[in-house]
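The briefing below goes through one structure topic by topic. Please keep the sequence and the coordinates open while reading.

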Amino acid sequence: MATTLTARHERLLRGAANAERLAPERQRFYWRMLMPALAVLFAVTVAPTLFLLVTSLTPLDLTKPETTADFRTPLRNFALLLEDRRFLNSLWVQAKLSFWTVSLQLLIGLGFALLLHLRSSLLQALRTVFLIPMVLPPIVVAIIWKVIYTPDISPFHWAMQAIGLPMPALITDADWALTAIIIADTWEWFPFTMLMILAALQMMPEEHVDAARVDGANAWQLTWYVTLPYLRGVLLVAALFRLIDSIKAFPLIYILTDGGPGSLTEVTNYYGFIQAFNFSFLGYSSAITVVLVAITLLLSWLTLRLVGWGRYVE
Amino acid sequence: MSSRAFAYRAAAERRLLYALVIVLAILVMLPFIWLVLMSFKTNDDIFAFPPKLLFVPTLANYAGLWASSFRYSFLNSAVVSVSSTLLALLVGVPGAYALSRIALKHDKPLSLIILASRMAPPIAFTIPYFLAYRWLGLLDTRIGLILIYLTFNVSLVVWLMRSFFDACPRSLEEAAWVDGASLWQGFTRIILPLSGPGVAATAILCFVYSWNDFFFALILTRNQAMTSPVAVVNFMNYEGWEWGKIAAGGTMVMLPVLIFSVLVRKYLIHGMMTGAVKG
């Protein structure tokens, strides 16, 4: 549509008529723009997931080419999973890890958010500092904690020894290994819950607080009866996000404990990795991963229901 | 209580709060600061007992690192992250615009795909990609990594940019159409220039996500296309425990991410919650 220099009102009239007539054309135009994105999204995410579902039905073992497309016993992997002690153990380790990291991140995040929720330039600057653990590359977080947990070079071990409480090397100690991972993971991700809570606090209606103040509430009462009930929703969403993310825990475990000692810190994700890329049982590992993806989808769906599918909720 | 006494107490409380927050901040940052300090220490200083707070800084670790093959992996990281980001923007930005303007009746499945692709454990994509790449000869290539990073980058672009476009009033491009612009011009000449900051923030987030990836690169590369997070870890496994180099490598890997994150801190949480929050 070339713009020509006709009388302005004539052009406007024609343009308006055009815009009306073009509504279906516009719809087609949007679809043409949307299609490449949808096609790529489908090709890079949905198709591989379907492929994963297919391989989970085979006994695929990279060292045995004949197992590639063997669909004679499609559900065998899943039947094996139910009896695989190591798999069941990995689910239990995952449950413990998720429970503790999510709980601690919510508590510490909430604590810090309440502390930092004041209008002051110092606290604003500190907020940026608290971002650091969360934005660091996960592998760097793992290296940082490897240093802290290695007695030879660790300031932590030195400090504990200095105050007369020498600690065992936490990541190789059966009683401490999972706790060590939980501490590192909590450090990495409490800023996430903190920031979400801070964002919610900033949108808290002033009237609520003012009304409670007028009624003579003190700071503790204000927090307990006004702020916390207001934060319930955001706490739930933050918890779900961290819960889903905790299923992905990999670099920390890979660097710190390698799933050990024994399989005390071997979460399901990690077990799947070992089956696939240490033992080359890709079929079996696919089945493990399908279980994880199913859990992820379920939790994602739950999250979306809670927040109203993203865009239609205010 | 007189108002002066009250004001005095409030000021004292505030100072106490500041002191508490600063102490906590230092405590939280200590592990991170320690790694950075370590990267400037000689091997003797690293193993010094008690640990040295004051030491003569050295750049030897960085020099040694740069002389090794680490610099190729650093280049790989940069090329792969930038390419994947550009590709995702190319596909995702028009899609996001269309999604923002179109009357889509059933967009719940799309929301679920976008959220789930950000949430799925990386191994879910790694197994099928690994098998496909083995067949296609894309293992240990930059192209392989660029493609697999699209799994999270496209969703990220579509979701973030849609919320930016939602915030651009439709009357803007409608006015342009009335003036005779084509539908495509309305997008490229009117809306896109207005969304510059949004595109920049989205690009940075995509870059950071790609740069930070460890799992995909660990599985899908050996040496040709190895990225720097994997290369740093290799200092642990094969060449003995070179703590100085590990610390220097870690510091170099995190440097671009830290700079970029401060630039886009406003959008960080939004990006991390891709798929589940309204823009």
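**Helix α10 of chain A**

In α10(A), the residues Thr227(A), Leu231(A), Val234(A), Ala238(A), Leu240(A), Phe241(A), Arg242(A), Ile244(A), Asp245(A) and Ser246(A) are buried, where buried means that 20 or more other C-beta atoms, placed from the backbone, lie within 10 Å of a residue's own, exposed means 12 or fewer, and partly exposed lies in between. This is a predicted model, in which local features need pLDDT of at least 70 and side-chain atom pairs count only at pLDDT 80 or more, while totals for chains, interfaces and linings use all residues. Residues are numbered from 1 along each chain as its sequence is written, and chains are lettered from A and ligands numbered from 1 in the order in which they are written.

- The cover over the buried residues of α10(A) includes α4 (85–116), α8 (177–202) and α13 (282–306) of chain A, together with α5 (108–119) of chain B; helices (H or I, at least four residues) and strands (E, at least two) are DSSP runs, numbered from the N terminus.
- Helix α10 (residues 219–246) of chain A spans only 34 Å between its end C-alpha atoms, whereas a straight helix of 28 residues would span 40 Å at 1.5 Å a residue, the expected span being 1.5 Å times one less than the number of residues.
- At Arg232(A), α10(A) bends by about 45 degrees, a bend being the angle between axes fitted to the seven residues ending at a residue and the seven starting there.

**Contact between the chains**

- The contact takes 85 residues from chain A and 83 residues from chain B, with two residues in contact if their C-beta atoms, placed from the backbone, lie within 7 Å.
- On the side of chain B that touches chain A, helix α1 (residues 3–38) of chain B gives the most, with eleven residues.
- That side of chain B has 65 nonpolar, twelve polar and six charged residues, where Ala, Val, Leu, Ile, Met, Phe, Trp, Tyr, Cys and Pro count as nonpolar, Asp, Glu, Lys and Arg as charged, and the others, Gly among them, as polar.

**Nonpolar core**

- The largest nonpolar core has 165 residues, and those with the most contacts inside it are Ile143(A), Ile181(A), Leu252(A), Leu256(A), Val154(B) and Val157(B); such a core is a set of buried Ala, Val, Leu, Ile, Met, Phe, Trp, Tyr and Cys residues joined through C-beta atoms within 7 Å.
- Not counting residues up to four places away in sequence, Ile181(A) touches Leu97(A), Leu252(A), Ile253(A), Leu256(A), Thr257(A) and Thr265(A).

**Domains of chain B**

- Chain B is divided into domain 1 (3–59) and domain 2 (61–272), with bounds that come from an automatic or database domain assignment.
- The C-alpha centres of domain 1 and domain 2 of chain B lie 34 Å apart, and eight residues of domain 1 of chain B are in contact with nine residues of domain 2 of chain B.

**Backbone features of chain A**

- Most residues other than glycine have a negative phi, and most peptide bonds are trans.
- The peptide bond from Gly260(A) to Pro261(A) is cis, with omega near -5 degrees, and Pro261(A) has its place in the loop between α11 (251–256) and α12 (268–277) of chain A.
- Asp258(A), found in the loop between α11 and α12 of chain A, has a positive phi near 55 degrees, and Asp258(A) counts as partly exposed because 13 C-beta neighbours lie inside 10 Å.
- Ser280(A) has a positive phi of about 60 degrees although it is not a glycine, and Ser280(A) lies in the loop between α12 and α13 of chain A.
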